[in-house]
Amino acid sequence: QVQLVESGGGLVQPGGSLRLSCAASGIWFSIYAMGWYRQAPGKQRELVAALTSGGSTNYADSVKGRFTIYRDNGKNTVYLQMNSVKPEDAAVYYCNADISEPRGRRDYWGQGTQVTVSS
């Protein structure tokens, strides 16, 4: 069993910065990729940023140049650095991991962390 625990959400002013963290724990063979998704009220969940085990990144067009995803392998943690935050970035942010573990390859999700953008 793998668990993903997110932290770092909260209130941020437009133009401000916030860093989200997602710590993975449990037993696995390898992590193929980790990423961040978000879901705003009334909208579908969407990919924000993803990072593969090989170091490749993928960003939603709406966050390119403002958000950065990176990983600390020693801590099994992935981060999302959010800069120049806009009101439309407000959402619940979910961590996702594509993992190979004893039961096979599985997709795991964190519980979500709220990001509120307001002055």
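Strands are DSSP runs of E of at least two residues, numbered, like helices (H or I, at least four residues), from the N terminus, and two strands pair if DSSP finds at least two bridges between them. The model shown in these views is predicted: local features need pLDDT of at least 70, side-chain atom pairs count only at pLDDT 80 or more, and totals for chains, interfaces and linings use all residues. Residues are numbered from 1 along each chain as its sequence is written, and side-chain values use heavy atoms, with hydrogens and water left out.

**View A. The open sheet of four strands.** The strand order is β1-β3-β8-β7, and the pairing is antiparallel. Strands β1 and β7 stand at the edges with a single partner strand each, so one side of each is left without a neighbour in the sheet. From one strand to the next, the twist averages 15°; the axes behind such angles are lines fitted to C-alpha atoms (for helices over the stretch in contact), and the angles run from 0 to 180 degrees between N-to-C directions.

View B. Strand β1 (residues 2-7) runs antiparallel to strand β3 (residues 18-26), and six bridges join the two.

View C. A disulfide is a covalent bond between the sulfur atoms of two cysteines; here it is assigned to a pair of cysteine sulfur atoms within 2.5 Å. The structure holds one disulfide, and it joins Cys22 to Cys95 with an S to S distance of 2.0 Å. Because Cys22 lies in strand β3 and Cys95 in strand β9, the pair ties together parts that are 73 residues apart in sequence. The link of Cys22 and Cys95 is left-handed, with -80° about the S-S bond. Both Cys22 and Cys95 are buried, a class that means under 20% relative accessible area; exposed means over 50%, and partly exposed lies in between (1.4 Å probe, protein chains only).

View D. Glu46 is partly exposed at 34% relative accessibility, whereas Arg38 is buried at 5%. Another joins the side chains of Asp89 and Arg66, at 2.7 Å from N to O. This pair links distant parts of the chain, 23 residues apart: Asp89 sits in the loop between β8 and β9, and Arg66 in the loop between β6 (57-59) and β7. Asp89 is buried, with a relative accessible area of 0%, and Arg66 is buried as well, at 9%.

View E. The side chains of Asp98 and Arg105 form a salt bridge with an N to O distance of 2.6 Å. Asp98 counts as buried at 18% relative accessibility, but Arg105 is exposed, with a relative accessible area of 54%. Elsewhere, salt bridges that share partners join Arg38, Glu46, Arg66 and Asp89 into one network.

View F. Most residues other than glycine have a negative phi. Asn76, although not a glycine, has a positive phi of about 50°. Asn76 belongs to the loop between β7 (67-72) and β8 (77-82), and is partly exposed, with a relative accessible area of 24%. Ser84 is likewise not a glycine and has a positive phi of about 50°. The position of Ser84 is in the loop between β8 and β9 (91-101). Ser84 is partly exposed, with a relative accessible area of 42%.

Conventions
A salt bridge is a side-chain nitrogen of Lys or Arg within 4 Å of a carboxyl oxygen of Asp or Glu.
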